[in-house]
Each structure stands twice: as structure tokens, then as C-alpha cells.
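Good morning, everyone. I would like to take a few minutes to walk through one structure, going from aromatic contacts to charges and then to the backbone.

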Amino acid sequence: MPTPDFRVLIVGLDGATFDLMLPWIEEGFLPNLARVLRSGAKSPLESTIPPITPCAWSSFMTGKNPGKHGLFDFIEPHGERGFRFTNASFREGETLWGCLSRHGRRVGVVNVPMTFPPEPVNGFLISGLDTPHELSPFMYPVEIRSELKQAGIRYRIDQQHLGNMRTDARRRAQLADIRESEQARTAALQHLSDERPCDFRMIVFGSTDQVQHHFWHFMDASHEKHDPAGAAEFGGAIRDTYAHVDEQLGVLLDECDDDTIVMVMSDHGFGPMSNVRLRLNQILADAGLLKFEVGSAPSKLKQSLAGWLDRMLRSTLSSDAKRRIAGMLPKLRTWFETLDEAKIDWANTSAYVNEAYRSSPAIWLNRVQELTDAEADDLRDRIEEIMLTLVDPETGEPVMSSLERPQEIYHGPHAEKAPDLLPSWWRDGFLLDQSSPATPGRPNVERSTAPIEGGVEFAASHRLDGVLMMSGGPIHADFSFNDAKIVDVTPTVLYLMGLPVPDDMDGRVLVEAIDPEFLAANPIRYEAVDDGESYGADGDGAPVSFTEDESELIAKRLQALGYIK
């Protein structure tokens with residue numbers, strides 16, 4: 001029986017769902033995913049709560065729940081009432097590639113979200129979604145940037161047309177731009193691993209997530225905002241995107257030998273959003289838990305003008321032009337958001353939602369308050385009761401099925417950094433809308449009847465169950481199982497590569513997918529790890545916040561992706 005000393009290739013398809021993938025495999029549209037499926041094992045892959053990119057990918061790469069690694073979302077509270085953008089330096093704990101490097105294995109990592117700034121590894125690493133811009137130091141070692149350029153590979157961070165897909169021409173251009181970017185990522189991984197042979201390689205394709213967010217209503221005739229006219233051209237955009245990343249997978253599969261185990265995974269699943277819109281801060285205000293500052297008439301006029309100007313610029317300028325403007329006027333995004341947001345009277349507010357960040361609405365207790373644990377629990381109970389009574393004005397059914405309490409689902413030294421309540425948007429499909437205290441009479445819960453604003457409004461969003469497929473070595477062939485969690489992938493990789501699993505990981509080795517004889521011959525081993533032992537560890541481990549200019553660029557990327565207002 002062989003010893004566990006395999007090479008591993010992980011291909012991440014951000015947001016991929018079996019709901020779409022399996023039918024398209026059966027219909028013959030995804031031949032390379034079919035190769036992995038039929039020669040290996042598959043399971044739904046339970047994501048984190050919430051199933052959002054920074055939280056989920058961080059739990060994958062550390063094998064730990066968010067209470068241990070401390071990275072919950074793209075933003076976190078900063079100071080008494082502000083927020084700041086997060087990056088990889090906000091995460092605690094050794095990554096999969098850090099662990100492999102510490103054990104002398106060679107790694108190559110491309111475009112995994114939340115890996116900026118890039119950590120030193122025994123190999124190479126190109127950061128993902130949290131990279132501010134293409135001039136940032138997002139590649140390790142630094143010389144690989146010039147190597148890629150000399151090889152004729154144009155590696156890009158942003159797509160040009162995200163955020164302004166209001167016309168068919170721009171939608172076409174964005175889809176073409178996405179394909180070009182994904183091909184460049186594949187080419188970069190191939191070229192660099194040819195020059196630097198790897199024991200472990202990983203690449204994440206983000207196009208599946210991006211296209212599902214913005215094109216689902218063309219594909220899905222049952223969507224509440226289905227666009228039948230647009231469906232004639234764009235109804236196949238999501239399937240075509242899956243097919244394109246399937247082609248990229250095929251290129252990488254053709255390079256793999258019999259000693260390579262292939263894994264395909266996603267950080268979460270996907271599904272349609274409803275047209276229900278919630279104004280959570282207004283709901284809290286009506287309950288006496290939040291108070292807005294009273295704006296003057298000129299400020300209302302400024303809000304209207306700023307909103308109009310912001311929409312106009314987003315619809316007419318390319319991403320490159322927006323980045324140039326951001327460089328010239330680094331306060332531009334902050335200026336727009338300050339004018340366009342309802343001001344909160346913090347001295348008279350007990351709980352609030354950051355409504356500028358709409359992709360993963362979270363309810364926070366005002367940290368300025370000095371509440372006992374019992375008082376905080378009572379306040380959470382009251383808010384939960386209020387939210388669970390909200391009903392759909394069309395059906396009369398509850399719009400929110402549950403609110404998760406991070407204190408009950410996370411454990412570890414960073415659990416207290418989490419939001420206080422997480423409305424279950426990933427189950428219920430509602431979206432956040434801006435509270436408008438200056439416009440009385442607007443309902444707190446309403447059905448949006450306006451067409452989807454291309455590149456700005458989500459047609460679909462994340463679901464809890466992503467995908468996991470594994471093939472090669474001792475992995476069972478043509479085998480299905482359940483109960484895999486995203487924290488289980490890293491322990492499984494370490495085991496299959498013949499390494500001990502750090503004993504502080506929350507995940508487990510997915511033994512049900514592995515040949516029992518192999519497991520009997522190769523028992524799982526564990527190791528105790530001191531944080532100071534991490535590969536290339538230096539400094540004090542404190543988070544490295546983005547500069548003001550970098551924060552502006554991160555804000556614009558997340559805005560283009562639809563995550564912030």
C-alpha cells in the first residue's frame with residue numbers, strides 16, 4: 001500500500017454550486033469536471049456563517065473557524081464607530097501553504113482571495129481579491145512579476161467593465177474580459193510552476209462568482225426580476241462561464257500525473273435573490289434602538305446630487321478611469337459615501353447596520369455603550385424578536401427565517417470581534433436597501449419592481465453549500481458522501497501529502513472518501529504548532545491596514561463587484 005506522499009492540485013471555482021454544475025455535467029457541457037467527478041468522490045461543502053468570501057476562504061486555508069482566525073468579512077469595526085477594510089494580515093493562524101512550506105514542500109498559489117500582502121512561501125504566491133491594485137507588491141517572490149511580463153503574460157487584478165454593465169455592449173465586453181483574465185491566471189500558474197516545480201498548486205477562478213451575481217436573472221425564467229429580452233443573448237452566460245473554467249481545468253488536468261490528487265472546491269454555493277428589500281436601520285429606528293441625525297435641506301440636496309453624480313460616473317467611466325480619478329482625489333469615495341449615507345446619532349443609538357456594505361448585512365451593538373453581558377443578551381433578544389416579525393408585503397410570510405448569534409457558532413480568541421447578529425440573507429434571499437430618514441413614508445420592507453441595474457444590483461448571491469470533488473490516489477471513485485465542511489479541506493490535503501495535521505485545526509480528515517486499507521496503513525498524525533514556528537515568520541503579527549489610497553481602490557473594486565453601495 002502506498003504511503004501518503006502525493007502531490008495536490010486544488011482548483012477553486014468561487015461560488016460554484018452543484019445545482020448548476022451537476023446538470024451541466026450530465027448534459028456534456030463540462031467534460032473536465034466530469035472527469036474529476038466520475039473518477040473520484042464528491043460532497044456538498046458547507047461554508048462558514050456567513051458564507052462570504054473573506055470568512056470562508058480564510059477558514060479553508062487555516063482549517064479553523066472564524067473565532068480562531070479572526071477574519072469575518074471584507075470590513076471590520078475600527079475605532080468607536082468606524083469600519084476599515086481587512087486583508088490577509090488581519091487573519092491569525094498558519095495557512096495551508098505556510099504549513100507545507102514549513103515542512104519543506106514546494107507550493108504555487110494563484111489568486112486565492114484574502115492573501116494580500118503575500119506571505120513568504122517555499123515557492124510562489126500571487127495574491128487575490130484583496131490586492132489593492134496592479135502596482136501593489138502582490139507577488140512573492142517579487143521577481144516573478146518581471147518573469148510573467150517577459151513571458152508575455154499580462155496578469156490583471158481588475159476587469160474593466162465591472163460595475164457599469166448597463167448596456168449589452170458592456171455586458172459582452174465584461175464577459176470577454178473575464179475570460180481573458182482567467183486564461184492569464186492559468187498561464188501564470190503553468191509558467192511559474194514550470195520554472196519552479198511544486199508539490200502543491202492552487203488556483204482560484206473568480207468568474208463563476210462574478211457572473212452568477214450579475215447574470216442569474218437572464219438564465220432563470222423563475223427569477224422575480226427575470227429579463228426575457230436580455231435572456232436571448234445572456235441566458236447562457238453563466239453556463240458559458242462554467243464551460244470556460246472547465247477548459248482551464250482541462251489544461252491543468254493534462255499536466256497531472258498518477259501521483260497527483262486533484263480537488264475542485266468552492267467557498268460557498270449560489271442561488272437567486274428575491275426582490276424583497278429591507279431598510280434595517282429604519283427598522284431599528286422605529287423600534288427606538290437607533291436615532292438619525294436631522295439633516296438640513298441643503299444636505300438633502302447634496303445627497304441627491306451626489307447620488308446622481310455617483311451613478312453617472314459609474315455608468316460612463318471605465319474601471320481604469322475610475323482608478324485614475326481615485327488616485328487624483330483619494331477622498332472621492334469617502335465623500336460620496338458620507339453624503340449618501342443617513343447619519344446616525346451615536347449617543348442615542350443602541351444597535352445599527354452598516355448599510356453602505358450591503359452584501360452581508362450584520363447587526364452590531366453600539367460599542368460605545370457600557371452593557372453587561374446580560375443587558376447585551378437582552379438587547380439581542382429584542383432585536384431578534386423585531387426582525388423575525390417582519391413580513392413580505394406581498395405574501396404575508398416572514399422575510400427573515402433566523403438570526404445567527406456568532407457567540408453561539410464561533411469559538412476562539414477572536415469570537416468577540418464578530419457582529420452581534422447575522423440575519424439569514426443566504427437562506428432567505430433578501431437584499432439590503434438604504435434607510436432614508438429624509439424621505440418619510442418609504443416602507444421598511446418592500447418589493448422592488450425596478451429592473452436590475454446592471455453591475456450594481458445582485459440578481460443572485462451566496463448559499464451555504466459549495467462543492468467539493470476529489471480524485472486520484474486513494475480517493476474512492478464514483479463516490480458520493482455528505483457532511484464535508486470547508487475547514488476539512490486543509491487537514492485532508494496535509495494527510496494526503498504525508499504530513500501531520502496541526503492539533504489546533506477545527507477541521508478533520510475526510511476519511512469517508514479515502515480507501516480504508518490506505519487509512520489503516522497510514523494512520524492520521526497530529527502535531528502541536530507554535531505560532532512562532534510559521535514559515536518566514538517575522539514582525540509582531542499586527543494587522544497591516546491599507547493606506548487611504550489603497551482603501552479607496554478596495555472600495556471601488558467591492559463597489560464594482562456589487563458588495564458595497
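Let me begin with a question: is W364 buried or exposed? Before I answer, please keep in mind that what you see is a predicted model. W364 has a relative accessibility of 7%, and because buried means under 20%, this tryptophan counts as buried.

The ring of W364 pairs with the ring of F83, with the centres 5.8 Å apart and the planes at 75°, so the pair is classed as edge-to-face. The two residues come from distant parts of the chain, since F83 sits in strand 4, residues 82–85, and W364 in strand 13, residues 363–365, which places them 281 residues apart. F83 itself, at 23% relative accessibility, counts as partly exposed.

Let me turn now to the charged side chains. The count of salt bridges comes to 31, and I will pick out a few of them. E26 forms a salt bridge with R38, and the closest N and O atoms are 3.5 Å apart. E26 is exposed, with a relative accessible area of 59%, whereas R38 is partly exposed, at 44%.

A second salt bridge is formed by D506 and K68, with the closest N and O atoms 2.8 Å apart. D506 is in the loop between strand 22 and helix 19, and K68 is in helix 4, residues 66–69, so this pair ties together parts of the chain that are 438 residues apart in sequence. D506 counts as partly exposed, at 28% relative accessibility.

What about the surroundings of E457 and K225: are they buried or exposed? Their side chains meet in a salt bridge of 3.1 Å, N to O, and both residues are buried. E457 belongs to the loop between strand 17 and strand 18, and K225 to the loop between helix 8 and helix 9, 232 residues apart. There is also one network of salt bridges with shared partners, which joins R367, D377, R380 and D420.

Still with charge, D19, E46, D465 and D483 gather on the surface in a patch of negative charge. Of these, D465 is located in strand 19, residues 465–471, and counts as partly exposed at 41% relative accessibility. D483, in the loop between strand 20 and strand 21, counts as exposed, at 57%.

D483 also leads us to the backbone. Most residues other than glycine have a negative phi, and most peptide bonds are trans. Against that background, D483 has a positive phi, near 80°, and N111 has one near 65°. N111 is found in strand 5 and, at 10% relative accessibility, counts as buried.

I will finish with helix 3, residues 53–62, which is mostly covered, as 10 of its 10 residues are buried. Among the buried residues are C55, W57, F60 and M61. Just after this helix, G63 takes a positive phi of about 70°.

Notes: Residues are numbered from 1 along each chain as its sequence is written. Side-chain values use heavy atoms; hydrogens and water are left out. Patches are made of residues with over 30% relative accessible area and no salt bridge: like charges are joined within 9 Å, nonpolar side chains (Val, Leu, Ile, Met, Phe, Trp, Tyr) within 5 Å. Accessible areas come from the Shrake-Rupley method with a 1.4 Å probe; for residues, only the protein chains shown count as cover. A salt bridge is a side-chain nitrogen of Lys or Arg within 4 Å of a carboxyl oxygen of Asp or Glu. Lys and Arg count as positive and Asp and Glu as negative; His and the chain ends are not counted. The place of a charge is taken as NZ of Lys, CZ of Arg, CG of Asp or CD of Glu. Helices (H or I, at least four residues) and strands (E, at least two) are DSSP runs, numbered from the N terminus. Buried means under 20% relative accessible area, exposed over 50%, partly exposed in between (1.4 Å probe, protein chains only). Rings of Phe, Tyr and Trp (its six-membered ring) pair if their centres lie within 6.5 Å; planes under 30 degrees apart count as stacked, over 60 as edge-to-face and the rest as tilted.
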